Amino acid sequence: MHRRPRMSRRAFWATAAATLVAAGGVAAGTAIAGGEPSPRRRAAEGGLRGMWLATVVNRDWPSAPGLTAARQRAELLAHLDTAVDRRLNAVIFQVRPTADALWPSPHEPWSQYLTGTQGEDPGWDPLGTAVEEAHARGLELHAWFNPYRIANHTDPTRLVASHPARRHPDWVVPYGGKLYYNPGIPAVRAFVEKAMLDAVRKYAVDAVHFDDYFYPYPVAGQVFDDDAAYDAYGGGFPNRAAWRRDNIDRLVRETAAEIKVIRPGTQFGISPFGVWRNAVTDPAGSDTRAGVQTYDDLHADTRKWVRENWIDYIVPQLYWSAHPLDQQVPANYAVLLPWWAEVAKGSGTRLYIGEALYKAGDPAQPAEWQDPAELSRHLTLAKEYPEVRGHVFFAAKEVKADRIGAMARVVADHYQGSVRTPR
């Protein structure tokens, strides 16, 4: 297959930054506020050892909405201390779970997961505290944003009256029991970029991080109604799917370029669902039979983002076991690992692997996930692929509880000394 030549990373960012400034996104000579991301640890460079710290529906933190500011802060610091105890070096902290904010934002309301009431000031600054306290512990703090999800319900009147989704109802699409911003409207893309990058302007975050939600996961029998936007903006594309992929490509490219202008030391990483396309759909895909393919269903061309060097790192969520294929459908860790290594090979994008710690010891999971050594075997297998530069564990609650000792086994087998993250 012939591929068009890839622009060098340095040339790409220089061109993108110049374009952004020329377009008025950031004024030339704008001061960079808030200092720089954390200095690297005084340790040999090794790999990323991360954990996700999820706040949506109070998954990991805070343990419940409405706690006092002191209790919230204590719980947050305890998670950071657990990361240090497990010899991790990065925490990926979810700071915009549902078109809201875990910092004082001029664009979006305070998250309801803090006080129980959307828009209510919690009396402290969780993101600012997380950055400061993570850096004091030698940890990187990656700010994790969900670009388009507005709410885990479909009633706009439940949003605070000042919410941008209520001021711009034409931006909103109900789908699958949730509300989403429509990625196909240019004003939406401009707004969500501005809202997210406010945090980058204010805080010395080490990375901006997106998860796997772009266009929503398919829901049987439902249609994501973007007809009006497609009629208005999709004329130059062969079909709706190509237009949707271009909308997400633009979000990724523009966010990347703006980060480099606002705070050049900050990275940009994305953690997609682990299957780009199945080989039966596309010969370039993986030997899997996944029911979701990010290219087709989420309209996220994750493979292109890596190979075109649009992002600094990618963390595919390889949430399957590494047992033989005849025991594992629709996908297998041992199949997807070399596929992603080949995608990252020769690119400027670092490959980290998302690990399903949450499955370890879950009685609802198959037998292989009851084995405390399963995740350690994943890391052993990954050592065979030099493209793999680290692992991220989902999620903080399980890193702390470690119900069958799977995380302790990873630490004992692989994390004997402290290392700094790749740069």
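User: Is the crossing of H2 and H4 left-handed or right-handed?
Analyst: A crossing is called left-handed if the near helix is turned anticlockwise from the far one by less than a right angle, and right-handed if clockwise. In this predicted model, H2 and H4 cross in the right-handed sense. Helices here are DSSP runs of H or I with at least four residues, strands are E runs of at least two, and both are numbered from the N terminus. Residues are numbered from 1 along each chain as its sequence is written, and side-chain values use heavy atoms, without hydrogens and water. Because the model is predicted, local features need pLDDT of at least 70 and side-chain atom pairs count only at pLDDT 80 or more, while totals for chains, interfaces and linings use all residues.

User: At what angle do the axes of helix H2 and helix H4 cross?
Analyst: Axes are lines fitted to C-alpha atoms, for helices over the stretch in contact, and angles run from 0 to 180 degrees between N-to-C directions. The axes of H2 (residues 69-85) and H4 (residues 126-136) cross at roughly 35° and come within 11 Å.

User: Which residues in H2 meet H4?
Analyst: A contact requires heavy atoms within 4.5 Å. On the H2 side these are Arg73, Leu76, Leu77 and Leu80, and they meet Pro126, Thr129, Ala130, Glu133 and Ala134 in H4. Sorted by class, the contact has 6 nonpolar, 1 polar and 2 charged residues. In this scheme Ala, Val, Leu, Ile, Met, Phe, Trp, Tyr, Cys and Pro are nonpolar, Asp, Glu, Lys and Arg are charged, and the others, Gly among them, are polar.

User: What share of the contacts in the chain joins residues 24 or more positions apart?
Analyst: Of the contacts with a separation of 6 or more, 74% are between residues 24 or more positions apart. The chain that makes them has 14 helices and 11 strands.

User: What percentage of the residues in the chain is buried?
Analyst: Buried means under 20% relative accessible area, exposed means over 50%, and partly exposed lies in between, with a 1.4 Å probe and protein chains only. Buried residues are 58% of the 423 in the chain.

User: Which peptide bond from Trp61 is cis?
Analyst: The bond from Trp61 to Pro62 is cis, with omega near -20°. Pro62 sits in the loop between strand S1 (48-53) and H2. A cis bond also joins Phe394 and Ala395, with omega about 0°. Ala395 is in the loop between strand S11 (388-393) and helix H13 (396-401).

User: What is the phi of Asn58?
Analyst: Asn58 is not a glycine, yet its phi is positive, about 55°. Asp402 lies between H13 and helix H14 (406-414).

User: How many aromatic pairs does the structure hold?
Analyst: Rings of Phe, Tyr and Trp (its six-membered ring) pair if their centres lie within 6.5 Å; planes under 30 degrees apart are stacked, over 60 edge-to-face, and the rest tilted. The structure holds 25 such pairs. Tyr230 and Trp243 are a tilted pair, because their centres are 5.2 Å apart and their planes stand at 45°. Tyr230 is in helix H7 (residues 227-233) and Trp243 in helix H8 (residues 240-262), so the pair ties together parts 13 residues apart in sequence. Both Tyr230 and Trp243 are buried.

User: Which residues do ring pairs link into a cluster?
Analyst: The cluster consists of Trp52, Tyr319, Tyr358 and Phe394.
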